[in-house]
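I opened my notebook to jot down what I looked up in this structure, one entry at a time.

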Amino acid sequence: MTHLRNTWHLGIKEFRSLARDMALMFLIVFMFSASIYADARAKPESLNRASIAVVDEDRSLLSGRIIAALQPPQFIPPVHVGLADMDRGMDAGLHTFVLDIPPDFQRDVLAGRSPALQLNVDATRQGQAQTGAGYIQSIISDEVRAFVQRVRAPAPQPVELVARAMFNPNLEASWFAAINAIINNVTLLGILLTGAALIREREHGTIEHLLVMPVSALEIMLSKIWSMGVVVLVASSFSLQVMVKGVLGIDVAGSALLFGAGTLLYLFAAASIGIYMGTIARSMPQFGLMSILVLLPLQILSGGVTPRESMPEAIQTLMALAPTTHYVSLAQAILFRGAGVDVVWPAFVMVTLIGAVFLALAHHRLRRTIGAMQG
Amino acid sequence: MSDRHGDPARTGAPLLSRPASPPTTALAPVPAAITAPPVVRLAEVRHRYGETLAADGLSLDIPAGRMVGFIGPDGVGKSTWLGLIAGARKIQHGKVEVLGGDMMDVRHRARVCPRIAYMPQGLGKNLYPTLSVFENIDFFGRLFGQTQAERTRRIADLLAATGLTAFAERPANKLSGGMKQKLGLCCALIHDPDLLILDEPTTGVDPLSRRQFWALIARIRAGRPGMSVLIATAYMEEAEGYDWLVAVDAGCVLATGTPEALRAAGRSDSLEDAFIALLPEERRRDHHRLEIPPHAAGEIVIEARGLQMRFGDFVAVDDINLQVRRGEIFGFLGSNGCGKSTTMKMLTGLLEPSAGEALLLGSRLDANNIATRRRVGYMSQAFSLYGELSVRQNLDLHARLFELPAAAAEARIADLARRFDLGRVMDTQPDALPLGIRQRLQLAVAVLHRPDVLILDEPTSGVDPVARDHFWELIVDLSRKDGVTIFITTHFMNEAGRCDRISLMHAGRILASDTPAALTAARGCERLEDAFIAYLEEASGVAPDPEAERMPGAEVRACRRSYSPPDATDTPCRSGGSREPGSSAAPTPTSDTPRHAERLARFSLARLLSFSAREATELRRDPVRLTLALLGSLVLMLVMGYGITMDVEDLHYAVLDHDRSVASQQYTLRIAGSRYFLEQAPLASHADLDARMRAGGLAMAIEIPPGFGRDLARGKAPQVAVWLDGSMPLRAELARAYVGGVHAQTLADVIAESGAGPVRALAGVEPRYRYNPELLSLVSMVPKVIPLLLVFIPAMLTALGVVREKELGSILNVYTTPVTRLEFLIGKQLPYIALSMFNFVLMFVLAVTLFQVPFKGSLLALATGALLYVTATTGLGLLASTLTNSQVAALAGTSIGTLLPAIQFSGLMDPVSSLEGGGYWIGAIYPTTHFLTIASGTFSKALGFAELAGAFLPLLLAIPVLTLLSAALLGKQAK
């Protein structure tokens with residue numbers, strides 16, 4: 001009971017401190033509003049505004065149709081370049097695709113000679129390269145078929161393939177980007193706020209003062225975790241309800257309450273990691289570097305950016321130890337696929353377990369470092 | 001005990017137990033030019049912080065060539081005035097003329113800056129803690145453009161003069177308070193200033209070091225008689241020895257004149273009493289002499305038995321034995337850094353002793369004993385309450401932590417507010433309060449829960465005399481009326497004299513313990529201070545401090561009648577007998593403005609490089625940061641190079657086969673054979689499909705309709721449905737493309753098998769994947785990871801560069817030395833650029849060796865791009881640092897300012913040209929975008945300067961824009 005009360009009062013103190021740091025308050029608000037918006041809006045739909053150039057050596061009706069079909073939003077209207085300029089444009093990164101339509105293309109098509117078009121793809125832009133090449137191929141074959149159909153009927157397809165996407169029928173990337181941005185910001189703030197708050201208390205000597213009072217190290221840690229957790233939880237819920245559903249008009253499938261509960265557990269884990277880092281770093285500059293080294297892999301390798309199953313086995317195993325991985329999976333399940341507790345409970349358990357381990361480690365270290373600090 | 005009532009040390013004048021030595025008119029040779037123009041002239045100066053007026057229409061002429069003291073309570077504006085005179089603070093209103101020019105004028109400030117030396121308040125505040133004594137002084141010498149030879153000579157002189165020669169290699173943070181102040185003085189004197197400004201230079205310094213400090217000043221003045229010295233001080237006995245005093249109260253001058261003139265004006269024997277007499281009636285705070293009733297011995301409350309504390313090999317505290325009884329005021333004295341604070345921390349249970357034990361109220365202290373903590377009140381040396389909470393909130397928080405019932409807590413807080421005179425400041429933040437009031441608040445917090453024991457670590461350091469007496473009244477009250485046992489450390493000897501018993505400590509051991517009177521008598525001295533110094537000198541070695549030997553009135557050790565620090569009778573340095581005349585420390589007086597001017601180029605590479613050298617040294621001393629920066633980036637590169645992959649492989653899929661015919665199995669086998677897909681257990685129904693996809697187990701499901709085989713045979717074109725998990729659009733897109741490809745191939749084969757002969761497509765498309773023909777993720781990702789890591793790590797390295805100096809106080813050196821903002825910023829940046837380039841080389845080598853990514857283009861172009869890029873990214877960190885005021889905000893700002901644009905908007909995943917809105921514009925100007933182009937251009941496309949010119953230009957532009965923006969935001973003066 002005493003423990004709970006102390007934890008409560010110390011947490012209230014954290015709120016008061018935060019309220020006075022205007023720059024930090026501004027950053028938190030910014031991260032969950034403007035930053036989410038920019039991220040979601042900038043994010044192209046799967047293939048968006050791909051830059052393409054055309055070398056039209058045929059200048060026929062058919063080549064004109066093909067070029068006209070390469071339109072926004074998938075493509076920036078194609079620019080015409082000469083054969084000689086083709087390489088330069090690609091080298092400078094101006095064009096991701098260059099389509100070369102050979103001379104006499106239309107005539108050869110109609111004559112049934114099956115002529116080939118050359119499509120140059122900048123393969124260093126991998127994401128666009130593969131989807132874009134697919135798009136262009138299907139556009140060309142549609143156009144050619146439609147053009148030829150007026151002359152002679154083509155053979156029917158023996159089997160049709162109909163692809164539909166569940167949960168996100170149009171495969172809108174902004175949807176994905178907005179949720180992902182919230183996840184990233186929750187991670188960043190969860191770790192930074194608590195870890196930095198601990199280092200600040202150490203640098204200003206106030207933690208030592210607390211420790212001569214009837215307050216335990218665990219209470220100090222838990223007070224930071226719950227208070228900063230509440231701040232981030234409120235900010236992220238606001239972001240989900242107002243920014244994502246309201247301003248961005250994205251339809252979220254699952255239960256916001258369940259997602260909130262998951263976020264709370266995840267914040268506990270992230271804050272425990274932050275505190276643990278705060279006990280390892282001896283100064284704010286060290287903590288800063290350390291946080292980059294931790295945040296970067298958490299953000300990029302947790303399955304939020306690229307699919308986890310495609311990563312090497314070793315990294316998949318390693319990242320299974322990070323709470324972010326489980327949080328991303330539960331967030332995607334709840335928000336995109338409308339999953340319920342029956343589906344996401346293993347992720348909840350993992351996040352809590354990982355958090356508890358880090359909390360125990362941090363508690364152990366905190367007691368030791370306070371002693372060593374005095375020297 | 002009644003005999004003590006007659007003891008002047010116990011009942012006597014708060015500060016001076018007896019009148020000082022006969023009035024001293026001059027302690028150093030007063031220059032002939034008494035009629036010289038004033039060195040400082042203030043006219044109608046007004047300065048305000050929020051509600052507080054630090055200068056209220058101040059007009060004052062300060063005579064040149066004198067030692068001028070500013071005396072007065074805390075928070076009346078002394079420090080602000082000195083800051084304004086030094087040019088460290090921005091003038092709000094009025095005119096400040098220093099050394100014959102207006103300090104509002106930037107050019108004048110730049111001109112006189114090298115002639116002024118400023119040592120701010122706080123122990124070693126403007127020093128660099130990880131730098132050694134020598135390196136600190138050397139740094140200041142470089143700032144003033146001195147040559148290597150000149151610096152070496154001057155530093156040797158200064159170190160010899162201050163007795164720091166033996167400690168030249170010791171880092172500043174390992175020095176005691178007294179040594180820090182001496183080092184600060186060395187740094188101030190390296191450039192022969194004409195005006196030396198010292199803000200409370202001896203606060204928190206033990207008596208022996210204080211005596212040495214003033215002796216040093218006196219000798220330096222003897223060598224440079226033209227030098228003016230301005231000092232703010234809380235020690236009235238020190239002020240007795242100055243030439244001219246300014247009594248300050250509430251932003252106004254109360255009186256000026258020689259010490260004897262002030263004493264005469266206040267009709268009093270001592271300066272302190274005179275000062276109090278000069279205060280307006282309501283400001284005297286009903287000051288009266290302190291009476292201490294005798295102490296009746298009670299039971300033992302604090303007991304230490306053979307306490308020892310080791311930090312590694314270093315024994316900080318050894319074999320401490322002491323007993324303190326209930327209600328006793330026990331004084332703990334010793335030189336700076338002798339282990340007092342460590343001992344106190346062991347007595348509070350904050351530190352576990354390495355050996356021995358501490359007993360509190362009969363029970364053994366240990367760190368986990370919460371119950372004993374309730375009975376102790378502790379006040380640490382540094383302010384350790386929450387500066388961001390108001391006074392009331394601080395009290396309230398502690399009341400709650402000690403579980404005072406709400407009603408009782410409210411009454412107690414009201415009572416304490418009245419007793420400690422905090423009523424008017426209850427809703428103010430302690431950060432905005434003067435030290436004296438903050439210390440009262442700390443004491444109020446320490447006694448809030450009515451502890452049995454109070455442990456106070458230098459509670460009155462930096463507190464003005466009147467406030468100090470009030471403080472002692474409270475302490476006496478607590479001890480005698482409430483029976484609280486008090487354990488206190490102090491550097492004020494008159495305070496030590498008020499204790500019931502004191503212990504003298506040196507180098508971790510207790511030298512002697514007894515009543516103050518007995519200790520004084522034991523050394524045959526008249527004053528406790530002399531006895532104390534005698535003990536210390538005896539303990540510190542056979543040979544007395546060489547400093548003391550040469551200092552004015554060396555025979556003080558033999559307990560002369562009285563000691564007043566800069567003693568007129570003995571100064572200046574008795575050049576006849578001493579080894580080195582003091583003038584060696586302070587070379588021939590120079591009023592050589594031309595020489596200064598000559599040195600002061602508007603932009604000096606030497607000054608810039610001195611900042612670089614300092615920053616590099618600090619970085620070298622922090623191996624953790626260095627390791628994190630270098631090793632961390634390699635580890636990250638490994639993890640991310642392998643981890644980020646665009647190849648979507650092993651996608652989990654399952655089949656819902658309603659047909660279960662040979663044809664349908666043949667069809668699905670095709671998909672199973674693809675390396676992109678990994679088949680899972682077949683689906684039973686639509687419900688099963690929904691559930692498994694919802695759980696995230698499937699990225700794709702294939703549904704074969706009933707009658708598939710039959711329809712196929714009849715040419716009825718059955719429809720195969722593919723369900724994709726759309727929650728990851730990129731994955732879904734690729735899966736759709738892959739399955740489409742497999743499907744088309746299947747059809748072609750089926751038709752071929754049916755004997756119709758190969759069908760010829762109407763037209764074919766031949767994709768040529770250029771630069772990375774096998775579409776290897778590694779080849780495309782590794783050149784992208786390098787730019788990413790070269791923005792995060794360099795920006796984070798510099799992100800705290802400026803804001804940390806703001807928090808720790810060394811930013812003052814930028815304000816008060818000739819260094820320009822650009823020199824400061826670029827100087828700080830250079831070492832990090834070098835480190836980042838080294839980082840780049842490491843990553844490049846890793847890329848071509850371990851990852852075996854072919855490098856095809858111009859290495860020179862890549863290296864040049866990297867250099868420009870890291871210059872821009874370190875500049876980005878500095879910009880975040882100048883924008884913010886707290887380290888936490890700088891960290892958060894830098895993280896967001898680099899992670900978001902670099903990962904999302906710079907073309908890592910999607911080319912910038914495909915972005916929209918704000919993201920597009922950020923991507924278009926963000927340096928990472930352009931270095932990404934350069935990196936992938938040189939790595940994969942075999943490009944050089946000519947082809948990549950378009951990417952170099954924005955990088956080139958970003959550098960001056962970032963640097964100038966930081967410079968504009970930095971400011972060359974405090975507000």
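Predicted model: local features only at pLDDT ≥ 70, side-chain atom pairs only at ≥ 80, totals over all residues.

Skipping neighbours within four places in sequence, I found B:I197 in contact with B:L82, B:I85, B:A86, B:I116, B:A117, B:Y118, B:M119 and B:L230.

**A sheet in chain B**

Then I turned to an open sheet of six strands with mixed pairing, in the order β16-β17-β18-β13-β19-β20. I noted that β16 (376–379) and β20 (509–514) of chain B are at the edges, each with a single partner strand, so one side of each has no neighbour in the sheet. On average, neighbouring strands here are turned by 15 degrees against each other, direction ignored.

How many bridges join β19(B) and β20(B)? I read off five, with the two strands pairing in the antiparallel sense. In β20(B), B:S513 stands opposite B:S503.

**Helices across the sheet**

Last, I checked two helices of chain B. Helix α11(B), residues 340–348, lies across β13, β16, β17, β18 and β19 of chain B, at about 155 degrees to β17(B). Helix α15(B), residues 435–447, lies across β16 and β17 of chain B, and runs at about 165 degrees to β16(B).

Terms used
Residues numbered from 1 in each chain as written. Chains lettered and ligands numbered in written order. Pairing = 2+ DSSP bridges. Helix = DSSP H or I, 4+ residues; strand = E, 2+ residues; numbered from the N terminus. Axes fitted to C-alpha atoms, helices over the stretch in contact; angles between N-to-C directions. Contact = placed C-beta atoms within 7 Å.
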